[in-house]
Amino acid sequence: MKVHADGPGARLKFSGPEAAMLAGLLDELIAELLPDALDRADPVHERLFPSGYRDDADSERTFRELTETSLRDERTGRAEQCRAEVGVKRSVWRSCEVHLDAEGVERWMRVLNDMRLVLGTRLAIGDEVDYRLERGDPQLRERARYVWLTALQDSLVESLTEGT
């Protein structure tokens, strides 16, 4: 992966395997954002759609009715747009380059954060993140994907600070 500042935006370049992995991660996020894809008791649901009223069931129900659909639609729309920009099929390892304006950078930052939230919650990653990847770890694949997304997000932020 290579990330370069491009005026107020950025250029993202992905090798074939990186583009295929990113396409897969975006597809997974979009699937998890479908209505009823996540059980309300799933910690990922709580991270993506946080409670507004933890101690008042009636207010919480009203809050969810008023906000969850729009949050879901916004998140899904952003993820689908990023997925379209990647454009490759998961089974085809073709490199890609994505050119982003300032609005696109904002969208990608939010989507990268959503993907990291999902993976980080599933991996129970807290404030003290250990980025070492060890053979034999049953969660090695997911940890590697989390580390890669973190590096992508960090590179995007760094490119923007260099471009200013």
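Between which helices does the loop lie in which Asp 36 is found?

Modeller: Asp 36 lies in the loop between α1 and α2. The model is a predicted one, in which local features need a pLDDT of at least 70, side-chain atom pairs count only at pLDDT 80 or more, and totals for chains, interfaces and linings use all residues. Residues are numbered from 1 along each chain as its sequence is written, and side-chain values use heavy atoms, with hydrogens and water left out. The names of helices (H or I, at least four residues) and strands (E, at least two) refer to DSSP runs numbered from the N terminus.

Asp 36 is not a glycine, yet its phi is positive, at about 70°. Most residues other than glycine have a negative phi. Asp 36 is also exposed, because its relative accessibility is 76%; exposed means over 50% relative accessible area, buried under 20% and partly exposed in between, with a 1.4 Å probe and protein chains only. A second case is Ala 124, again a residue other than glycine with a positive phi, near 60°. Ala 124 sits in the loop between α4 and α5 and is exposed, with a relative accessible area of 67%.

The helix α1, on one side of the loop of Asp 36, packs against α5 at an angle of about 100°, with the axes 12 Å apart. These axes are lines fitted to C-alpha atoms over the stretch in contact, and the angle, from 0 to 180 degrees, is taken between N-to-C directions. The two helices are therefore roughly perpendicular, a label for angles of 65 to 115 degrees; under 35 counts as roughly parallel, over 145 as roughly antiparallel and the rest as oblique. From α1, Glu 18, Met 21, Leu 22, Leu 25 and Glu 28 meet Arg 145, Trp 148 and Leu 149 of α5, where contact means heavy atoms within 4.5 Å. By class, this contact has 5 nonpolar, no polar and 3 charged residues. Nonpolar here covers Ala, Val, Leu, Ile, Met, Phe, Trp, Tyr, Cys and Pro, charged covers Asp, Glu, Lys and Arg, and the others, Gly among them, are polar.

Leu 22 also belongs to the largest nonpolar core, which has 37 residues. Such a core is a set of buried Ala, Val, Leu, Ile, Met, Phe, Trp, Tyr and Cys residues joined through side-chain atoms within 4.5 Å. Among the residues with the most contacts inside this core are Leu 22, Val 86 and Trp 108. Elements that each supply at least two of its residues include α1 (16-32), α2 (43-48) and α5 (140-162), while α4 gives the most, with 8 residues. Leaving aside neighbours within four places in sequence, Val 86 is in contact with residues including Ala 19, Leu 22, Ala 23 and Leu 26.

The core also draws on β2 and β3. Three strands form an open sheet in the order β1-β2-β3, with antiparallel pairing; strands pair if DSSP finds at least two bridges between them. Since β1 and β3 stand at the edges with a single partner strand each, one side of each is left without a neighbour in the sheet.
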